[in-house]
Amino acid sequence: MWGHLRTLARAQWLTVRNHLPRTGIGALIALSIAIVWYGGFTVLAVFIATSLPDVPLSSLLFDLSMGLLCVFLFWQLVPLVTLTGGWSLDLKRLQIYPVSTDTLLVTEALLLVTNGLEMVLVLCGGFAGLLFHPGVPFYRAGALLLFIPFNLLVALVTRRFFLRVFRKNRLREILTVLLLSVGLLPQLLIHLGWAEPLAHWFFIIATFRWAPWHDVAGIATGTQPWFHLPAMLGWIGLAWSVARRQFGSSLREEEVLTASVARAEGKWSLNRVLEFPVRLFPEPTAALMGKEIRTLLRMPRFRVVFLLASVVSLIILIPLSGAAHSKHFRSENTILLTNLYGLLVLGEALIWNIFGFDRSAAQLYFAAPVEMRAVFRAKNAVAALFIILQSLISIGLAPLLGVHVTTPAMLTALCVSPAIGIFYLAVGNMTSVILARPMDPKTMVKKQTAGNTQAWVLGCSVGSLVLIGFAWLAGWATESAWAARGVLAVEFVIGLIVYRVSLDSALARTGTQQEEMLATLTQGSPSLVA
């Protein structure tokens with residue numbers, strides 16, 4: 001087994017290293033964000049290691065049980081919330097090799113450390129703190145590390161379960177959005193006043209006698225007898241058994257892309273709602289728009305992103321609607337920021353990489369007797385259509401979630417979306433050619449944005465804040481919301497000019513980088529990483 005593990009580990013490392021960007025501002029920004037993120041958890045681990053020895057032994061069991069439950073929830077839920085699946089093996093490519101199922105299972109579980117590296121740092125900090133605690137036997141502290149294999153196996157079970165569910169057509173997008181919204185539940189519960197009774201149940205679960213986090217805490221602190229160790233090993237054995245059975249079933253299954261067809265039964269469907277604005281455009285733009293709308297609505301990835309932009313973005317910003325003391329702040333900014341955040345979420349599918357879902361089919365645009373200008377305009381028009389629809393849905397849902405929406409706030413929010421969106425579309429046309437990248441339409445729990453594209457997105461986010469700042473200053477100086485809307489209208493006109501210039505530049509680059517762009521869009525993923 002160990003020889004196979006070393007071989008798989010080397011292949012995994014070479015694969016990851018070959019796919020990491022070598023140069024570019026995007027790679028530097030991604031590296032900087034990673035350093036800050038993991039550096040923060042390293043500081044937290046050091047803080048735990050230095051403060052844990054001062055915790056009284058009488059409260060150590062309770063505190064550690066609470067902390068381990070939080071570690072468990074973070075490890076299992078954050079990958080779903082952040083749309084990251086982590087590293088994993090491509091089982092189809094490895095089945096031809098004489099590698100045992102147990103070896104593949106261990107390798108797959110170890111790779112999932114990338115999904116919970118933050119919690120590994122925290123657990124190591126807790127382990128160091130227990131070693132120096134005067135009331136804890138040093139040989140007991142090592143039991144805290146038993147929580148790592150338990151979480152790895154549970155994460156593997158969770159991952160395989162949801163990957164299997166996501167291959168089914170019915171309601172899988174809604175299930176995905178619900179899972180991704182788990183991280184937003186605390187602030188929603190606080191906003192609705194349900195936090196206190198649920199916190200009581202959280203304490204009960206954390207201190208449940210035979211729960212795995214309580215078992216580990218009891219063994220590691222020396223406050224529980226040794227027979228809790230077989231109980232914890234039993235939890236690990238149960239997780240291993242379920243993971244092994246599920247993993248073996250995955251090896252026997254054939255990966256088949258199940259076509260997700262948008263159902264149009266009945267008298268109402270989103271397709272029919274969007275047919276009317278499409279008819280307002282001339283041919284061939286209208287035909288291209290119709291094709292783009294039908295294609296997007298059939299893609300699980302897009303449906304999940306659209307639901308996130310329309311619903312989850314509003315839930316994220318709900319605290320703003322009641323956190324500020326100023327009524328003006330509550331009524332005028334929550335919906336505006338919701339639309340901006342939704343615009344950023346939709347950007348992955350509609351703006352920054354407009355040919356990503358087409359992949360190899362993008363060759364048709366260069367072979368068909370249709371100008372590329374019409375293709376760009378059709379894709380941008382569809383993006384604008386969905387952005388408007390997302391704004392209207394967010395405004396309609398706001399009262400249902402307890403967010404007070406005034407007419408001035410609604411008008412301002414509806415002015416901000418086109419003013420900022422036109423600049424985003426201008427930049428997106430350029431990035432779609434320069435940084436073209438194939439996207440998997442059926443993958444719903446994994447980010448597919450390149451590092452260089454994220455750098456452009458960060459720049460656009462800063463630019464959008466500047467544009468909104470000018471409008472806010474105009475409204476503040478004149479004490480009139482109409483002045484702010486007037487500035488937004490002027491910015492929209494300027495954006496139209498920028499859009500036309502960027503479209504001409506994108507078309508010129510398309511002519512010179514056609515082969516490179518098509519080669520990037522048509523290439524597969526030959527790695528061991530899923």
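What share of the contacts in the protein chain with a separation of 6 or more is accounted for by residues 24 or more positions apart? The points below begin with that matter and then turn to individual residues.

1. The structure is a predicted model. Residues 24 or more positions apart account for 83% of the contacts with a separation of 6 or more. The protein chain contains 24 helices and zero strands. It has 530 residues, of which 46% count as buried.

2. **Aromatic pairs.** The count of aromatic pairs comes to 15. One of them is formed by Phe72 and Trp213, a tilted pair with 5.4 Å from centre to centre and 45° between the planes. Phe72 and Trp213 are both buried. Ring pairs also join Phe72 and Trp213 with Phe147, Phe150 and Trp235 in a cluster.

3. **Salt bridges around Glu292.** Five salt bridges are counted. Glu292 takes part in one with Lys379, at 3.0 Å from N to O. That pair links distant parts of the chain, since Lys379 lies in helix α20 (residues 372–397) and Glu292 in helix α15 (residues 285–297), 87 residues apart. Lys379 and Glu292 are both buried. Glu292 also forms a salt bridge with Lys291, where the closest N and O atoms are 3.5 Å apart. Glu292 counts as buried because its relative accessibility is 10%, under the 20% limit. Lys291, by contrast, is partly exposed at 28% relative accessibility. Lys291, Glu292, Asp358 and Lys379 are linked in a network of salt bridges.

4. Asp504 and Arg373 meet through their side chains in a salt bridge of 3.0 Å, N to O. Here too the pair links distant parts of the chain: Asp504 is in helix α23 (residues 481–512) and Arg373 in helix α20, 131 residues apart. Asp504 counts as partly exposed at 34% relative accessibility, and Arg373 counts as partly exposed at 26%.

5. **Arginine side chains.** The charged end of Arg209 sits over the ring of Trp210, 5.6 Å from its centre. Arg485 lies over the face of Trp482, at 4.6 Å from the ring centre. Arg485 has another partner in Thr412, the two side chains being joined by a polar contact of 3.3 Å. Thr412 lies in helix α21 (residues 407–434). Is Thr412 buried or exposed? Thr412 is buried, because its relative accessible area is 12%, under the 20% limit.

6. **A loop residue, Thr223.** Thr223 is found in the loop between α12 (212–221) and α13 (228–252). Its relative accessible area of 33% makes Thr223 partly exposed. Which residues does Thr223 contact, leaving aside its neighbours within four places in sequence? The contacts are with Leu57, Leu61 and Gly218. The C-alpha atoms of Thr223 and Ser58 are separated by 9.0 Å, although the two residues are 165 residues apart along the chain.

Methods:
Residues are numbered from 1 along each chain as its sequence is written. This is a predicted model: local features need pLDDT of at least 70, side-chain atom pairs count only at pLDDT 80 or more; totals for chains, interfaces and linings use all residues. Side-chain values use heavy atoms; hydrogens and water are left out. Helices (H or I, at least four residues) and strands (E, at least two) are DSSP runs, numbered from the N terminus. Buried means under 20% relative accessible area, exposed over 50%, partly exposed in between (1.4 Å probe, protein chains only). Contact means heavy atoms within 4.5 Å. Rings of Phe, Tyr and Trp (its six-membered ring) pair if their centres lie within 6.5 Å; planes under 30 degrees apart count as stacked, over 60 as edge-to-face and the rest as tilted. A charge sits over a ring if NZ of Lys or CZ of Arg is within 6 Å of the ring centre and within 35 degrees of the ring normal. A polar contact is a pair of N or O atoms within 3.5 Å; within protein, one must be able to donate a hydrogen and the other to accept it, and residues adjacent in sequence count only if both atoms are side-chain atoms. A salt bridge is a side-chain nitrogen of Lys or Arg within 4 Å of a carboxyl oxygen of Asp or Glu.
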